[in-house]
Amino acid sequence: MAARSSFKLVLLGESACGKSSLVLQFVKQEFSEYRESTIGAAFLTQIVSLDENTTIKFEIWDTAGQERYRSLAPMYYRGAQAAVVVYDITSEGTLDKAKAWVKELQRQADPSIVIALAGNKVDLAETRRAIPRETAEKYAQEEGLLFFETSAKEATNVTELFKELATKMPLDRAAAQPGRGRVDLDTSAKGPLDSCAC
C-alpha cells in the first residue's frame, strides 16, 4: 500500500488575483469566470501521487485577499509546510503585494516552509500583461522560491505547480503533529471561493 503524508499548504495574495480559481482547477478541474470573494478562508484537500509508492495529501487553506482579512492570515500560515503566493500578471501592484507576503512568510512562518510564486492569468499575457515574466522570475530566484506562470482558466501549469511543491515536501515531517486531530476530508470545497477570472 502506498505511503501517504499530509502537509498544510496556504495560498496568499491580493484579492481577485486568482487564488481560489487555481485551487478549484487543481482540486476539481473546474473554472468559473465569476466567484464570490473568499471570506476568511476556504479549506480543500487534494492528493498528489509522487510515484506508485508515495502520495502526498495537501490540506489547502485558501485565504481571503481583502485587506480587512489580512490580520487573520497568520492563523492560516502558522504550521504550513508549503505556500503559494499568487499575483496577477495583468495588475502591476499585485507583485509588490506578493513580495510583502513572501517577506512575511520568511519572517514569521516555519523556517523550512517551501514557497512558490505564481503569476496567474497568463492566458491574458498577449493583450494585458503588466508584469514581465523576467522581473518576477529574477525575484523568485533571488529569494529561493519556486516560480510558475499559470492560468487557472486554461489549466496552464496548475498541476505542475502543485506537483513541484509536492516533490519538495520533507516526507519525514508530515503534518501529523502530536495532539492534532486528523480528519480525512474529500476534495469538496469547505467554504465560498474567490472572485476572479483567471
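User: Which exposed residues does the face of α5 turned away from its buried side carry?

Analyst: This is a predicted model, in which local features need pLDDT of at least 70, side-chain atom pairs count only at pLDDT 80 or more, and totals for chains, interfaces and linings use all residues. Residues are numbered from 1 along each chain as its sequence is written, and side-chain values use heavy atoms, leaving out hydrogens and water. Helices (DSSP H or I, at least four residues) and strands (E, at least two) are numbered from the N terminus. Turned away from the buried side of α5 are the exposed residues (over 50% relative accessible area; buried is under 20%, partly exposed in between, 1.4 Å probe, protein chains only) E134, K138, Q141 and E142.

User: Within what arc do the buried residues of α5 fall, seen down its axis?

Analyst: Helix α5 spans residues 133-143, and its buried residues are A136, Y139 and A140. They line one face of the helix, because their arc (of directions from the helix axis to the C-beta atoms) is within 100 degrees.

User: Which elements are included in what covers the buried residues of α5?

Analyst: The covering is defined by contact (heavy atoms within 4.5 Å). It includes β4, α3 (93-108), β5 and β6.

User: Is F26 buried or exposed?

Analyst: F26 lies in helix α1, residues 19-28. It touches Q46, V48, F58, I60, V158 and F162, not counting residues up to four places away in sequence. Its relative accessible area is 6%, so F26 is buried.

User: How far apart in space are F26 and T159, C-alpha to C-alpha?

Analyst: In sequence, F26 and T159 are 133 residues apart. In space, their C-alpha to C-alpha separation is 6.0 Å.
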